[in-house]
Amino acid sequence: MKTLNLGILAHVDAGKTSLTERLLHTAGIIGELGSVDDGSTQTDTLALERARGITIKAAVVSFALGDVTVNLIDTPGHPDFIAEVERALAVLDGAVLVLSAVEGVQAQTRVLMRTLRRLRIPTLLFVNKLDRRGADPDRVFREIAAKLTPSVVAMDPAEPERVTDLLATLDEDFLTGYLTDPDAFTPSRLHTELTAKVAEGLAYPVYFGSAITGAGIDALRDGIENLLPAKESTADGPLSGTVFKVERGPGGEKIAYVRLFSGGLAVRDKVPLGDGEGKVTAISVFDNGSVVPSGSVGAGRIAKLSGLDVRIGDVLGTRPGHVREALFSPPTLETVVSPVHSAERGPLHQALTQLTEQDPLIGLRHDEIRQETSVSLYGEVQKEVIEATLADEYGIAVTFSETTTICVEHVSGSGSAVELIGKAPNPFLATVGLRVEPGPPGSGITFRLEVELGSMPYSFVKAVEDTVKETLREGIHGWEVLDCVVTMTHSGYYARQSHAHGTFDKSMSSTAGDFRGLTPLVLMAALREAGTTVHEPLHRFTLQAPADTLGAVTALLARARAVPRTTLTRAGTAELDGEIPAAKIHEVHQLLPSATRGEGAMETVFHGYRPVRGPAPSRPRTDHNPLDRKEYLLRVLRRV
């Protein structure tokens, strides 16, 4: 049996979920088309999805297409939920990218297409909403070729000349063969050549139609069946799978959505998970619009597994050789979530911890001193989702603080510090010396040794390394420290001492706890000497507006601390490219319509970080504040 794991992707409101409904209706899975406006669609099952008419969580539903079982994954279009799209991309065999025949290429369309091209995911494009007033398929096709990729061919109908022209631009050998013997390239052979280029992620067929009326759907179904690469489902090879979604069952148990790349699984199988293992207690597979229990599942399939304590991104068995790394930027916004009723602080923290299992990019920071929990976000709509989820699933009412920007810190120079065992003011039975230096961009935290690895127990060295990485989550100004090298320059310990009765005496013997307690003091002293600079998240932007509003637009960008790099004016339209702080994007989006008579449009994409201009912002610490030695020792030694 062949399986095709197919993703439906689009900018919000392009008609992606409506297309999903039409495909399921055409396949006989549903007897009546659902409506996004009415909240009656098959894949939008959350109450907030139905109320807002947007997709929030990736949903899986299957249908048969010829001899292929299609697992169709409907993904969110709103940029606030890009993490859901990222997880879906990790398990796809092919994709359909949906565009509106009215709005054409939009901001999220470009982000998604860049990613699909980079990953070489075989993709078909569907220009939807031909039934709407203002639809202009010819204009949209030109936009696709100009803004997304020139390697496109219109398939309505698929004229041999169009296919030949595209293949000739993609493959010199094809061009040579065609010029030598054009009669040899029959429609069947052209189809075979096109299928190969689509599978390689080099050619992109474009279809036109309407999900509402059904126009063009048969041609798109034919493309899905015959141009996208389906995989045989077998149990051959070693077990290798990826968890791309986690949800909770009625009893609170975890249910993992897993794509198997090789091997197979059966109920009661023990599964290698990192350094441990888990036992599969139940398996469900997707079959003709339903989720049905199964005793086993083979490679190529998507399954729901019970009994495993896993998180999104975990690998079952061996790591797939082609596993895809993170594709999109991390969230750059943060807000404090507080319960309406103070007695629910504990349950709120537990609930938020469970939500991070379903969305790892929602990072948590818990401040024990202030009893506050912060979550990281992509946008304001996520607040609504978290609020609704906490109310509906956990019965907890919450409020949010004003959203702030998440900055980072970079090490400015080199700094070192050391504290010796048995010498005041060091109260710990440990010697730790550390040097901190900048690391290459994107290198993360690198821990090195200048001491002999055998000079003390490895557990003590590991305690220092782990504590270094944990401590650097909050630098001098309270932001995470990125890209630095920490070298252990000094070490020392007291060997295990016992009384005459043979009992271990902690007061005269070093423990890993001594190294965990001392390391933050030494590290922050070295970091303070090295110095850090605070960097704010930066986005690249492209802004289009009427040429006669360029002055107002430029003034708006200046107030937002944006830096235009290029400005191009043609046919009465000005297009600006540049960089803008992430903290100012929402403000510009709000003010742009009034500055451009409602005709301006701006799209942005994460570009990196830049040093903050002016006073460095800081945020409250959630650790025991090793920058304040007296406060730190009071808290740590009291806890010990």
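**Working through a predicted chain**

Residues 24 or more positions apart make up 73% of the contacts in the chain with a separation of 6 or more, a contact being heavy atoms within 4.5 Å. This is a predicted model, where local features need pLDDT of at least 70, side-chain atom pairs count only at pLDDT 80 or more, and totals for chains, interfaces and linings use all residues. Numbering starts from 1 along each chain as its sequence is written, and side-chain values use heavy atoms, with hydrogens and water left out.

**Exercise 1.** Find where pLDDT (the predictor's confidence in each residue, from 0 to 100) stays under 50.

*Solution.* Start with the average: the chain comes out at 85, and 88% of the residues score at least 70. Next, look at residues 36-57: that's the stretch under 50. The model still has 66 contacts there beyond four places in sequence.

**Exercise 2.** Work out which strands pair with S14 (residues 282-287).

*Solution.* Strands are DSSP runs (E, at least two residues), numbered from the N terminus, and two of them pair if DSSP finds at least two bridges between them. Step one: S17 (residues 302-306) runs antiparallel to S14 over four bridges, with Ala282 opposite Ser306. Step two: S15 (residues 290-294) is also antiparallel to S14, joined by five bridges; here Ile283 partners Ser294. Step three: check the hairpin of S14 and S15, where two residues sit between the strands and Asn288 takes a positive phi near 50 degrees.

**Exercise 3.** Say how much of the chain is buried (under 20% relative accessible area, 1.4 Å probe, protein chains only).

*Solution.* Take the 640 residues: 50% of them are buried.
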